[in-house]
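Let's take a friendly walk through a protein model and look at how some of its side chains meet. Keep the structure open beside you as you read.

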Amino acid sequence: MYGKMYSACLYGIDGVLIQVEVDISNGLPQTSIIGLPDSAIREAVERVRAGIKNCGFTFPLQRTTINLAPADLRKEGSAFDLAIALGILCTSGQLILPQEEKLLLIGEMALDGSLRPVTGVLSMVDRAKREGFSAVLLPKENAAEAALIENMNIYAISHLNELFALGQQEAGLVSREKSSPLRISSFDGLQLTSSHYAAQEAYQIEDYADVLGQQHVKRALTIAAAGMHNILLMGPPGTGKTMLIKRLPTILPPMTEQEALETTKIFSAAGKLKEPGAGLLRTRPFRSPHHTISAGGLIGGGTIPKPGEVSLAHRGILFLDELPEFNRQVLEVLRQPLEDKSVTISRARAVHTFPARFMLAASMNPCPCGYLGSDHPGHHCTCSPTRIAQYRSKISGPLLDRIDLQVDVPRPKEWTREKFSLSSADMRAQVLEAHARQLRRYIKLPHTGWNSELTGSALRRFAKLDSGTSDMLHQTIEALGLSMRAYDRILKLARTIADLDGHEEIKSIHVAEAIQYRNLDRPQVETFA
């Protein structure tokens, strides 16, 4: 007797379809699972055995072989329990499922036959739809997440008995003999649709209008948001660095459908989708890990790699508060994702690539005591030049080279609310207009929607400078000893500034403003005086 069901597992953050083949033959009672299963899958035999028995069915006392194909792909997780259970029941002739729909089965089984939710359902159902599946049967707790994929029939149960009760209802009042199979002609009684889950509107309660002064910092943040440029704020304690960065999500453009799906799939694979019933994630992620985070926690890792903070910040912001307090080795792993917009993690059995298109936003004090350059009457810097150099050396030159805007945040001069203070709505309007210009300009460029993503010939084409402006930039590069990477990033920044000002051509004033944001590239000798 042979039967086949379809289930799925995660490979990185992507869903992979798995064929669950069941063969029952004469021989000593023994059940084995093959096809590179992990411990959780091998233990499924005992969960399924108890679940089938406690639902009034019989686990076959024969030689049972369960193969998970493709056999050369390592599988992990507990999402195969439901497919294994129904595969055994159908192959042994105790259950007949409808054949009209190509059905995906996902779910972990408890010993009493109830189903428990699993992670990564969004990626699995999305893959199934692209492979031609029309329906999925899964635990009720995962139904809201699965319903985010359109044009899929979602059938949800909380216990196997609901499935069997459905078959008994269809059989009418005629009692079923134990020797005859339980036939289910349709799952319609279990169907749920996306209309069961209305998306909830998110309300913003933080606003840049609450920030006193710091108009030049707001200008820098507007530029960063308009082109998704990396930004570093540096200033004494209490000047509002953290408050300024935490309001960045309020001025970013909304995510497209594709971006929302990408982001939601990552959170689903990581098991961090807290409210699947609220629909796709529409607010750009804002991740703020503690400075004690490990390199694996930041970029992802593990025996079976999972996405880290840089991938959870995909299409959003990664905020590193008090940047020099992070371990230097941890910060160095940011180099590749900042440049390649992805993270590649290699293991002996597989290589996983996670997306990581994020804006790096960071803050730091100018020195260990925090008061270097401060005009506070009660606080004066007590740090020696050596201590200051050691403190700043925790941020390597190559990492600093990848940060487009390095902005000083001084102590506010005024403590009363100004008559005119840029609000989030004002800044967001500027950002949306500049972003719309970029989308129109790069409509024919694949994987490019922001100025910060320009590379190579595309950068030379869309960020042309006249001869006078080009000479000024080259002289500045030579005077400051900047790298070619810094040169390209200044060009991208100038392109964004020109977009904010409504100019298609980059003028010298735009390049000059871009250069002034490279504060940490300037000689710091006078600062130590």
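This report on a predicted model looks at a helix, the nonpolar cores and some aromatic rings.

**Helix 2 and its neighbours**

Start with helix 2, which covers residues 44-54 and has among its buried residues Val 45, Arg 47, Val 48 and Ile 52. The buried residues of this helix pack against strand 3 (30-34), helix 1 (39-42), helix 3 (81-91) and strand 7 (108-109). After helix 2 comes Gly 56, with a positive phi near 90°.

**Nonpolar cores**

In soluble globular proteins, nonpolar side chains tend to be buried together. Here the largest nonpolar core has 61 residues, and Ile 106 is one of those that touch the most other members. Ile 106 has contacts that include Leu 82, Val 118, Met 124 and Leu 138. There is also a second, separate core of 52 residues, including Val 211 and Ile 497.

**Aromatic pairs**

Five aromatic pairs turn up in a search of the whole structure. Two of them are tabulated here.

| Pair | Centre to centre | Angle between planes |
|---|---|---|
| Phe 57 and Phe 164 | 4.4 Å | 45° |
| Phe 286 and Phe 319 | 5.9 Å | 45° |

Phe 57 lies in the loop between helix 2 and strand 4 (63-69) and Phe 164 in helix 6, so their pair ties together parts that are 107 residues apart in sequence. Both Phe 57 and Phe 164 are buried. In the other pair, Phe 286 belongs to strand 14 and Phe 319 to strand 17, 33 residues apart. Phe 286 is partly exposed, at 25% relative accessible area, whereas Phe 319 is buried, at 0%.

Conventions
Residues numbered from 1 in each chain as written. Predicted model: local features only at pLDDT ≥ 70, side-chain atom pairs only at ≥ 80, totals over all residues. Heavy atoms only, no water. Buried < 20%, exposed > 50% of the residue type's maximum accessible area, 1.4 Å probe, protein only. Helix = DSSP H or I, 4+ residues; strand = E, 2+ residues; numbered from the N terminus. Contact = heavy atoms within 4.5 Å. Core = buried A, V, L, I, M, F, W, Y, C linked by side-chain atoms within 4.5 Å. Phe/Tyr/Trp six-rings, centres within 6.5 Å; stacked < 30°, edge-to-face > 60°. Lists of a residue's contacts leave out its neighbours within four places in sequence.
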